[in-house]
Every structure is written in C-alpha cells, then in structure tokens.
Amino acid sequence: MNKKRVTVQDIADELGLSRNTVSKAINGTGSIAEDTKQKIFQTAAQLGYKQFAMPAAIVPETKSSPILPRHKEISLFTHTLLGQSHFGSKLLDSFQQRIGEYGYILTVYMIRDYEIQNLCLPINFNPERSDGIMCLEVFSESYSQFLSSQKIPLLFVDTVVNHMDLNLLADCIYMENRTSSYRMLKSLVQNGCKHISFVGDRMHCHSFYERWSAYCQIHTDYNLQLEMDCCILDADSELYFDLDWLTEKLKALPHMPEAFFCANDSLAIAIMKALRQLNYKIPDDVMVCGFDNSTEATVVEPPLTTVQIPSSSMGYIAADTLISRIDHPATPFRTTYIKTDVIFRESTKQNIKVTT
C-alpha cells in the first residue's frame, strides 16, 4: 500500500481534472457541478485524503471508514504564538493528528487584544463552518464567558484563574499541577531546605495558580514561614526575561532563598541566568526548579529539575473530548486532569529523594 501523503494534485490526476477544480470542491469555494463534487469527494476518501470532512451522504461505505462529521473545521483560538518549547506545541501536533482521523482539519485563529477588548470573534472566523473550538492560552475572564455564550462546542486547555466562578459552558483539560509541584517541593523540604521562593505571576492562569497553591500548602504542612517578600510575583506583563530587570529583582530581596520554585521552565532558566550574573552557583549556593520539562530544561547547565507534562497524550485526549462534545452536545461538561511526573536533575542536587 502506498503510504505517502495524498495531495490535491493526486486527486486531480486520478480524475483527470485540474488542481484548481479539486481545490475549490474540497474548500467549498467557487461553483462546481454537484456530480463533479461527489466524484471528487469519493475519490478523495478512497485515496485516503485526510485534510477535509466529506459530507456524510457521500461517504463510501466500507467497514474501515470512520463516521465523518458534517462540516470540516475545528478551530484553535490562541492569544499567544507558541514556540517549540511551549508544552502546547506537541499537544497541537497530536490534536491535529487525531481530529484528522475523523476527517476534520484544524484552522488557527490568533485572538488579538482587539477581539478580547471588544468581545468579538476574529473577522475571518465563520461560526457556520466550525464544528468546535479549542482554546489554548486564552486567559481572559470576559472573553472566556463570551466564547461560552456562542453555543459552539468549546474546549479550554487551561483557563483563567478560578474559572469555576464563571460557570463556563465548556469542557476543560489541565495538566495535574498540585500533586507534582507538592512532591517536588517536599523533596527540597525533606532535605533541609526551609527558605523557598516562588517566581511567576500566580494569577496568569489556573495552572500557575494551582502551582502557587501547592507552594502555599507545603509551607502550611511543614510549619514553614511563607516569605512573600522573597517571592517574585510581578504581573506577567513585567520583564521577566530582561536579565537586568530580573537581576535587580533578585538584588532587592531581603535575603537570598535556598531555592526558587518557578512557575515554568522559561522562568526557571531566566532565574538561573540572573543568579549566575550575581555569581551564585547552582545548586551549591541556590537551587532552582521549574515546570514543563521543556527542551531547554535538559540542555541548560546544570540540567533543570522540573515536571514532565505528557503533552502528546493531552492532545489526543483533548481531541477525543471535543469530538465527543460535538457528537453528544447534551452530555454534562467535564473537567479532566492529566497526570504529570517530577524529573529530578542537578539544579536541585540530583540525589534528592522523596519519602513517601
């Protein structure tokens, strides 16, 4: 069997049509005779073309054919450009792969400040064309509620802080934040570390807030003083990745903590750079840990203790959750947590163990 990716040109060659004609039929543009459309759709399905959703009335009847949706688009709404180190990058790869198995394509819409401030959909978004929306890095209360009111199947991967108060009509998926954060912090405390700083905007998103909650809980459980003045909690809009700014923040602390727990790996690596700028040695003078297990976490010196997010698995689960919502809109909304795991490395002295 030929396993190469089927293209629009392959379909055109098979039918003796122009590539332009096939493209118009698949994309639903232009005026194409109905019988020609049916031939194009049937040939596309037979060849295994996965980049469109064929109308159910003309799906070839084979035992192996999935039930394809009536429309052809699932939309991604995001307020942030996702770099390769962002956990969402791998999530999107597996999400797109899974929805493709059901005949959907993924269309990405950047949500600008304009849409958020004016509570409107992107100008090029057509609600009639999209079967569902997945939101990634959309952390506005008002905009989340606005999307929830659109009566389009909706899935949030992470949400605004304390989303429960909003009563969103949507499914939500999170990485598990509290348990792994607590376990990582517990390893520090049990090995004698009593002065730990939190770095990051705890109100940035619900996941950051849950990591902060674990940080507070460990202080309560082990009767440690919560030293707010030794934390760096500035709003996410501040210049965390400006080395001079962050160095000045560290110099302004009343004393240097024994360890920094950072809301994600990017912040942890920024802290490591600022500490080196001040001639602190990691982990001998100060320990650092993060969250995400980004690619950079393994190559930074020393390698970073962090939390592994199963991003690819989250993508598959996200796709199945949203497609289930499309197929069964009346089912109760779900909140799903995906288990995460701590990875201990040299930035917190690799031989640290946790007593269970």
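Met134 stands opposite Leu155 in β4. Keep in mind that this is a predicted model. The pairing here is between strand β3, residues 130-136, and β4. These two strands run parallel, and 4 bridges join them.

Stay with β4, residues 154-157. In a regular strand, side chains alternate between the two faces of the sheet. Here, Leu154 and Phe156 point one way. Leu155 and Val157 point the other way. Which of them are buried? All four residues, on both sides.

Next, the helices. Two packed helices are described by an angle between axes and a distance between axes. For α9, residues 243-251, and α10, residues 265-277, the angle is about 70 degrees. Their axes are 9 Å apart. The two helices are therefore roughly perpendicular to each other.

Who touches whom? From α9, we have Leu243, Leu246, Thr247 and Leu250. From α10, they meet Ala270, Ile271, Lys273, Ala274, Leu275 and Gln277. By class, the residues of that contact divide into 7 nonpolar, 2 polar and 1 charged.

Last topic, the cysteines. A disulfide is a covalent bond between the sulfur atoms of two cysteines. How many does a search of the whole structure find? The count is 0.

Take Cys172. Its closest cysteine sulfur is in Cys135, 9.6 Å away, so that is too far for a bond. The cut-off is 2.5 Å between sulfurs. Cys172 is also buried, at a relative accessible area of 3%.

Then Cys230, which is in no disulfide either. The nearest cysteine sulfur belongs to Cys231, and lies 7.2 Å away. Cys230 is buried too, with a relative accessible area of 2%.

Key. Residues are numbered from 1 along each chain as its sequence is written. This is a predicted model: local features need pLDDT of at least 70, side-chain atom pairs count only at pLDDT 80 or more; totals for chains, interfaces and linings use all residues. Side-chain values use heavy atoms; hydrogens and water are left out. Axes are lines fitted to C-alpha atoms, for helices over the stretch in contact, and angles run from 0 to 180 degrees between N-to-C directions. Angles under 35 degrees count as roughly parallel, over 145 as roughly antiparallel, 65 to 115 as roughly perpendicular and the rest as oblique. Contact means heavy atoms within 4.5 Å. Ala, Val, Leu, Ile, Met, Phe, Trp, Tyr, Cys and Pro count as nonpolar, Asp, Glu, Lys and Arg as charged, and the others, Gly among them, as polar. Buried means under 20% relative accessible area, exposed over 50%, partly exposed in between (1.4 Å probe, protein chains only). Two strands pair if DSSP finds at least two bridges between them.
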